[in-house]
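Student: Can we go through this one together? I'd like to begin with the aromatic residues and then move on to a helix and a hairpin.

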Amino acid sequence: MRKLPVLRKLTVLNNLTLDGVMQGPGRPDEDTRNRFDHGGWAQAYTDSVLGEYLGRGMGTAHELVLGRRTWEDFASFWPTQENNPFTDLLNTLTKHVASRTLHEPLAWANSKLLPGDAVEAVAALRGQPGPDLLCMGSGNLLRSLMAAGLVDEYTLLIHPLVLGTGRRFFTDGLPRAELELVEAITTTTGVIIAVYRPRDRAG
């Protein structure tokens, strides 16, 4: 893939267990693939420190990059959530969706499909003027973006929990990557908010 200039960074924001599981942190029915029955595991660890941190981050200008499954889950959930501070924000953000099966127009407001190959499309987005890009969930898409070296920053919410099963964030087959820790915050429930950048972009 031709290397393009980077005018806006791509940040990943995901919940993880200590054993690297990223599957179904939000709700019991969020992602039950492979008979995963631990859905909603992150909810017990929410506190004001985490809420304030996420609120500040979501309040900055950005656009979302989502895989099909994560987009479908968000689109079925967020438009109906009243009295939630993130609802209006997520409804109004531009959402770039990677999918080979969805067709435009997409039902959730301000959503549009990434054209052609998703990795090449995200690389092109990074080279265009505009707000920074944020990817949440989207494991399959994310692994392709990591393999292509397109992730500029990782914000990992590492929970003091071992599940022993579930889809993991870092999987076999990804290329070696050296990361530099640029920020670390510990919440009252023991979640570590760790921000990493690839060492060649940490300056």
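**Aromatic rings, a helix and a hairpin**

Tutor: Ring pairs join Tyr154, Phe169 and Phe170 into a cluster. Keep in mind that this is a predicted model.

Student: How many aromatic pairs does the structure hold?

Tutor: There are four aromatic pairs. In one of them, Phe77 and Trp78 sit edge-to-face, 5.1 Å centre to centre with 85° between the planes.

Student: And Phe169 with Phe170, what are the distance and angle there?

Tutor: Phe169 and Phe170 are also an edge-to-face pair, with 4.4 Å between centres and 80° between the planes.

Student: Is Phe169 buried or exposed?

Tutor: Phe169 counts as buried, at 1% relative accessibility. Phe170 is partly exposed, with a relative accessible area of 43%.

Student: Back to the other pair. Why does Trp78 count as buried?

Tutor: Because its relative accessibility is 13%, and buried means under 20%. Phe77 has a relative accessible area of 25%, so Phe77 is classed as partly exposed.

Student: Which residue lies over the face of Trp108?

Tutor: Lys95 does, at 4.3 Å from the ring centre.

Student: Now the helix. Which residues of α1 are buried?

Tutor: Helix α1 spans residues 48-58, and Leu50, Tyr53 and Met58 are buried in it. These residues cover an arc of only 125° around the axis, so they lie on the same side of α1.

Student: What is on the other side of α1?

Tutor: Glu52 and Arg56, which are exposed there.

Student: What covers the buried residues of α1?

Tutor: The cover includes strands β2 (62-67), β5 (132-136), β6 (153-159), β7 and β8, along with helix α3 (87-92).

Student: Which residue caps the N-terminal end of α1?

Tutor: Asp47 is the cap, with a side-chain oxygen 3.3 Å from the backbone nitrogen of Val49.

Student: You mentioned β7 and β8. In what sense do they pair, and over how many bridges?

Tutor: Strand β7 (residues 179-186) pairs with strand β8 (residues 192-198) in the antiparallel sense, over seven bridges.

Student: What stands opposite Thr186?

Tutor: Ile192, in β8.

Student: And how many residues are between the strands of that hairpin?

Tutor: Five residues lie between β7 and β8, and in this hairpin Gly190 takes a positive phi near 90°.

Methods
Residues numbered from 1 in each chain as written. Predicted model: local features only at pLDDT ≥ 70, side-chain atom pairs only at ≥ 80, totals over all residues. Heavy atoms only, no water. Pairing = 2+ DSSP bridges. Helix = DSSP H or I, 4+ residues; strand = E, 2+ residues; numbered from the N terminus. Phe/Tyr/Trp six-rings, centres within 6.5 Å; stacked < 30°, edge-to-face > 60°. Buried < 20%, exposed > 50% of the residue type's maximum accessible area, 1.4 Å probe, protein only. Lys NZ or Arg CZ within 6 Å of the ring centre and 35° of its normal. Arc of directions from axis to C-beta. Contact = heavy atoms within 4.5 Å. Polar contact = N/O pair within 3.5 Å; in protein donor to acceptor, adjacent residues only side chain to side chain.
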